[in-house]
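Take a look at the protein model shown below. Then read on for a short tour of its inside and its surface.

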Amino acid sequence: MSEKITGGCLCGKVTFEVNNSFTRFYFCHCQQCQKITGSAHAANSFTTPDAIKWISGQRLTKQYDDPDRDFTVVFCSECGSGLPFVTKTSKTLIVPAGSLNEDPNIHPNDNIFWAERASWYDEGTNANPCAGFPS
């Protein structure tokens, strides 16, 4: 397992390197994460705030802090891909697992906010697996 792994956005304009020393990895099914990702859940890895080094494009990141609830999202202003951010308490770096180019050192620990999961999620896990678009 590599000590450092890389990541970035879909358009490739924002890139980073992060220590591969994640302590937690959650699938979050809360309603905010469904909206943030446009999917059934977020996949977030947690580490220390000093674990990241921005390689390129940090100026292209945009941050949204919800004024009424305790959540943040950071994304590439060019392509919209989710990117790492430090929590409001400054104690944790949250790295969207899909932004990583290599596998993190851990696998998902928990499905959190399970009661808020999308109504179609459970049936969706039983859908037919296809290598690409179905024919």
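The model is predicted, so local features need pLDDT of at least 70 and side-chain atom pairs count only at pLDDT 80 or more, while totals for chains, interfaces and linings use all residues. Residues are numbered from 1 along each chain as its sequence is written, and side-chain values use heavy atoms, with hydrogens and water left out.

**The core**

A nonpolar core is a set of buried Ala, Val, Leu, Ile, Met, Phe, Trp, Tyr and Cys residues joined through side-chain atoms within 4.5 Å. Buried means under 20% relative accessible area, exposed means over 50%, and partly exposed is in between (1.4 Å probe, protein chains only). The largest such core here holds 22 residues. Those with the most contacts inside it are Phe16, Val18, Phe22, Leu83, Val95 and Leu100. Strands S2 (15-19), S3 (24-28), S7 (72-76) and S9 (93-96) each supply at least two of its residues. The largest share, 3 residues, comes from S9. Strands (E, at least two residues) and helices (H or I, at least four) are DSSP runs, numbered from the N terminus.

What does Leu100 touch? Not counting residues up to four places away in sequence, Leu100 is in contact (heavy atoms within 4.5 Å) with Ile5, Thr6, Gly7, Phe16, Val18, Phe22 and Val95.

**The largest pocket**

A pocket is found on a 1 Å grid over the protein atoms alone: it is an open set of points where a 1.4 Å probe fits, with protein on both sides within 12 Å along at least five of seven lines. Lining residues have an atom within 4 Å of a point. The volume is the space filled by probe spheres set on the points, which are joined across faces, edges and corners.

The largest pocket has about 880 Å³ of space. Its lining has 37 residues, and the closest to its centre are Cys33, Asn44, Thr72, Phe85 and Ile94. S3, helix H1 (31-37), strand S4 (42-47), S7 and S9 each supply at least two lining residues. By class, the lining has 19 nonpolar, 13 polar and 5 charged residues. Here Ala, Val, Leu, Ile, Met, Phe, Trp, Tyr, Cys and Pro count as nonpolar, Asp, Glu, Lys and Arg as charged, and the others, Gly among them, as polar.

Asn44 lies in S4. Asn44 counts as buried because its relative accessible area is 15%. Leaving aside neighbours within four places in sequence, Asn44 contacts Arg24, Phe25, Tyr26, Ile94, Val95, Pro96 and Ala97.

**Salt bridges**

How many salt bridges does a search of the whole structure find? It finds 2. A salt bridge is a side-chain nitrogen of Lys or Arg within 4 Å of a carboxyl oxygen of Asp or Glu.

| Pair | N to O distance |
|---|---|
| Lys13 and Glu78 | 3.3 Å |
| Asp122 and Arg117 | 3.0 Å |

Lys13 lies in the loop between strand S1 (4-8) and S2, and Glu78 in the loop between S7 and strand S8, so this pair ties together parts 65 residues apart in sequence. Lys13 is partly exposed at 42% relative accessibility, and Glu78 is partly exposed at 48%.

**Two backbone angles**

Ser90 has a positive phi, near 65°, although Ser90 is not glycine. Ser90 is in the loop between S8 (85-86) and S9. At 51% relative accessibility, Ser90 counts as exposed. Phe113 also has a positive phi, near 55°. Phe113 lies in the loop between strand S10 (110-112) and helix H2 (121-124).
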